[in-house]
Amino acid sequence: QLMKEHISRAISRKLNRSSLKTLIINKSDKFICIIPNSASKENIEGSVTEVINYAERSLSVSITAVAHLNTEKYMDIKSTYDDINDGIRIIRVTKIKKRFAFISDLKFEQAMLHIANNTYITGFIDETIRKLKIYDEKNNTNLILTLNTLISNMGIKVKTADQLFIHRNTLTYRIKRIEQITGLNLSEVDNLFSLGVALKIEKYI
């Protein structure tokens, strides 16, 4: 409780010093900060980042923060709160280095989060991504890493092999194994896209 009070005072002090008059509400392990919508996006990001750095440096506390802009109606507060919780989960699950984000910058990830429990989506992931992960675990291979790298390079094999520091023949073998396990032809852009989306969604299941 003392730590929470200390963090709350630190948040209030640093945000007010940046001319962000803030109402702070403690809720479980969260701090809800209500800031006037006249505040600029740059001011909010700079001030919140300062709070995060202070907490880690001086209090040894890791803080994840998400901001939602322009909640104008009282009836919107619940959906805003839900959006912020989504954002916090996204940052923690994806393990991005940055500990602060605006929910408006996470809309694609938020969409992935909300369709993660769809029966058809989970079925597709079970038949593809999870089969590859099981194969990797049993055989000490790197098919998931290979697939991720191939997708990030938009299917360009030369760049993928170079990035993985492997011979092109090794890459060809790995791609064939991925195709055998998933039943998908990785030469087809639509299949690469589908697997890329599946990799993103699988983190939230």
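**Note on salt bridges, core and rings**

1. The structure holds 7 salt bridges. The model is a predicted one.

2. Start with helix H3. Asp 82 and Lys 78 join their side chains in a salt bridge, 2.7 Å from N to O. The two residues are 4 apart in helix H3, so about one helical turn separates them. Lys 78 is exposed, at 55% relative accessible area. Asp 82 is partly exposed, at 31%.

3. Next, a linked set. Asp 126, Arg 130, Lys 133 and Glu 202 belong to a network of salt bridges. One of its contacts pairs the side chains of Arg 130 and Asp 126, at 3.1 Å from N to O. Both partners are partly exposed: Arg 130 has 27% relative accessibility, and Asp 126 has 34%.

4. Which helices does the bridge between Glu 202 and Lys 133 tie together? The side chains of Glu 202 and Lys 133 meet at 2.8 Å, N to O. Glu 202 sits in helix H10 and Lys 133 in helix H6, so the bridge connects parts 69 residues apart in sequence. Glu 202 counts as buried, because its relative accessibility is 12% and the cut-off for buried is under 20%. Lys 133 is partly exposed, at 31%.

5. Now the core. The largest nonpolar core has 33 residues, and Ile 129, Leu 132, Leu 147 and Leu 186 touch the most other members. Elements giving two or more residues to this core include helix H3 (77–94), helix H6 (129–139), helix H7 (143–152) and helix H10 (189–202). H10 supplies the largest share, 6 residues. In soluble globular proteins, nonpolar side chains tend to be buried together.

6. The aromatic count is 1 pair. Phe 100 and Phe 102 form this pair, edge-to-face, with 5.1 Å between centres and 75° between planes. The label edge-to-face applies because the angle is 75° and the cut-off is over 60 degrees. Phe 100 is buried, at 3% relative accessible area. Phe 102 is buried too, at 2%. Lys 41 lies over the face of Phe 102, 4.8 Å from the ring centre.

7. Last, the surface. Leu 23, Ile 25 and Ile 34 make up a nonpolar surface patch, with about 250 Å² of accessible area together. Leu 23 is placed in strand S1, residues 23–27. Leu 23 is partly exposed, with a relative accessible area of 48%.

Definitions and conventions
Residues are numbered from 1 along each chain as its sequence is written. This is a predicted model: local features need pLDDT of at least 70, side-chain atom pairs count only at pLDDT 80 or more; totals for chains, interfaces and linings use all residues. Side-chain values use heavy atoms; hydrogens and water are left out. Patches are made of residues with over 30% relative accessible area and no salt bridge: like charges are joined within 9 Å, nonpolar side chains (Val, Leu, Ile, Met, Phe, Trp, Tyr) within 5 Å. Accessible areas come from the Shrake-Rupley method with a 1.4 Å probe; for residues, only the protein chains shown count as cover. A salt bridge is a side-chain nitrogen of Lys or Arg within 4 Å of a carboxyl oxygen of Asp or Glu. Buried means under 20% relative accessible area, exposed over 50%, partly exposed in between (1.4 Å probe, protein chains only). Rings of Phe, Tyr and Trp (its six-membered ring) pair if their centres lie within 6.5 Å; planes under 30 degrees apart count as stacked, over 60 as edge-to-face and the rest as tilted. A charge sits over a ring if NZ of Lys or CZ of Arg is within 6 Å of the ring centre and within 35 degrees of the ring normal. A nonpolar core is a set of buried Ala, Val, Leu, Ile, Met, Phe, Trp, Tyr and Cys residues joined through side-chain atoms within 4.5 Å.
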